[in-house]
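User: Hi, I am new to this structure and would like to understand the terms used for it. Could you take me through them step by step?

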Amino acid sequence: SLVSPVPLSYGSRIQAVSGVKRVATTSWFGGALPAKKEGKATEEDDEPQMDFSNFFPNMAVDAEPYFAMYPEFEVKPDEMRAFMGDMQGAVIGRKLADKYGWKIGDRFYLESFIPPYRKSSGPFEFTVRAIFDVDKVKHPKTDSTLMLFHFKYLYEATGRHVQAGSYTVEINDPEQAGAISKAIDAQFENSDAQTRTETEAAFAAGFLSMAGNLSLLLNTIGLAVSFTILLVTANTMSMAVRERRTEIAVLKTLGFGSGKVMGLIVAESLLLGVLGGALGILISRGTMWALTSTPGIKDALAGFGLTSLSHNPRVAAMGFAVALFLPLSEPQPVAG
């Protein structure tokens, strides 16, 4: 997992497994921009404050094999050479560069919330050496808010005490993924740091499953909210019936027939249902827009390929139908 480091000695042993093409050391850095512009701790404040509202995905990687595995990161050759020659260099996505207005040569600081990845001298300093672009037609789920830097920089800056967070492995034949995964794990089966090798898709699914059965949780909450709304609506309509008996009597006195009185009441209920349903859809659309626009939340969603959220037309139609059904299902006053 992301919180269980793997010994650095495992890299060469994984590379020796039959069918393995490349191995790259990777570590989730978990860095955020310090709140202080200078990014330095003072004598009065040994711990620089971190601005988690400006969090974005950042990883330390073994650069040469890692970028060879991911051709979707389109980097100019001269920028890649500059990155490879600078230990403090960083490769950032185009969206990340646009968000902060960063350009080649700009410097910034990151402070990790992971204790082993912190150094006493202050936050890590980085220089933008390359900006990668992504072909959204060929690779629509590639995150361009990502930042990558040299694992060697992390290793040496922390006193050479850190281990690999994980290993990214490229294999020659995708059909042999299961067999190669078992062969890798078998090497470390009885060691102090056993491994679990899986495909990227399986890892992402397992990461999401850590949050539990979200479908059951959300459905349960939705049913509870709907039942509560039904009770509130029933109570409100019952009170309205009792309070409007006088109004109905006046309408009958003025000559309105029972059908017309009932029609007015039903029309009013339908109007309230239409307004409530439309308002609910608008609020939900606004909430989804806010989730994909809020720093931190937006980046977390982008990490799972959710760059935008939208209504399912069928679900929206069902919600609107329920909004119409609720007022009509409540007891109406008898116009007799």
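User: Among contacts in the protein between residues at least 6 apart in sequence, what share joins residues at least 24 apart?

Analyst: Good place to begin! The model is a predicted one, and in it 75% of the contacts between residues at least 6 apart in sequence join residues at least 24 apart. As for its make-up, the protein has twelve helices and eight strands, and 34% of its 336 residues count as buried.

User: Why is Val 128 called buried?

Analyst: Buried means under 20% relative accessible area. Val 128 has a value of 0%, so it is buried. This residue sits in strand S6.

User: What does Val 128 touch, leaving out residues up to four places away in sequence?

Analyst: Its contacts are Ala 90, Ile 92, Trp 102, Lys 103, Ile 104, Gly 105, Asp 106 and Phe 108. Take Ile 104 as an example: 24 residues along the chain separate it from Val 128, while their C-alpha atoms are 5.2 Å apart.

User: How do you know that Ala 32 is buried?

Analyst: By the same cut-off of under 20%. Ala 32 has a relative accessibility of 0% and therefore counts as buried. You will find Ala 32 in strand S2, residues 31–32.

User: What makes Ser 181 buried, with a relative accessible area of 13%?

Analyst: The limit for buried is under 20%. Ser 181 comes to 13%, so the word buried applies to it. Ser 181 belongs to helix H6, residues 177–187. Apart from neighbours within four places in sequence, Ser 181 is in contact with Thr 197 and Glu 198.

User: Why does Arg 160 count as exposed?

Analyst: Exposed means over 50% relative accessible area. Arg 160 reaches 53%, so it counts as exposed. Look for Arg 160 in the loop between helix H5 (151–157) and strand S8 (166–171). Its phi is positive, about 60°, although Arg 160 is not a glycine.

User: Which residues of helix H3 are buried, and how do you know that they are on the same side of H3?

Analyst: In helix H3, residues 77–84, the buried residues are Glu 79, Met 80 and Phe 83. They cover an arc of only 100° around the axis, so they lie on the same side of H3. The face turned away from that buried side carries Pro 77 and Arg 81, which are exposed.

User: What covers the buried residues of H3?

Analyst: The cover includes helix H2 (63–69), along with strands S4 (89–93), S6 (124–132) and S7 (147–150).

User: Which residues make the contact of H9 with H10, and how do they divide into nonpolar, polar and charged?

Analyst: H9 brings Ile 248, Leu 251 and Lys 252, and H10 brings Ser 258, Val 261, Leu 264 and Ile 265. Of the residues in this contact, five are nonpolar, one is polar and one is charged.

Methods
Residues are numbered from 1 along each chain as its sequence is written. This is a predicted model: local features need pLDDT of at least 70, side-chain atom pairs count only at pLDDT 80 or more; totals for chains, interfaces and linings use all residues. Side-chain values use heavy atoms; hydrogens and water are left out. Buried means under 20% relative accessible area, exposed over 50%, partly exposed in between (1.4 Å probe, protein chains only). Helices (H or I, at least four residues) and strands (E, at least two) are DSSP runs, numbered from the N terminus. The arc is that of the directions from the helix axis to the C-beta atoms. Contact means heavy atoms within 4.5 Å. Ala, Val, Leu, Ile, Met, Phe, Trp, Tyr, Cys and Pro count as nonpolar, Asp, Glu, Lys and Arg as charged, and the others, Gly among them, as polar.
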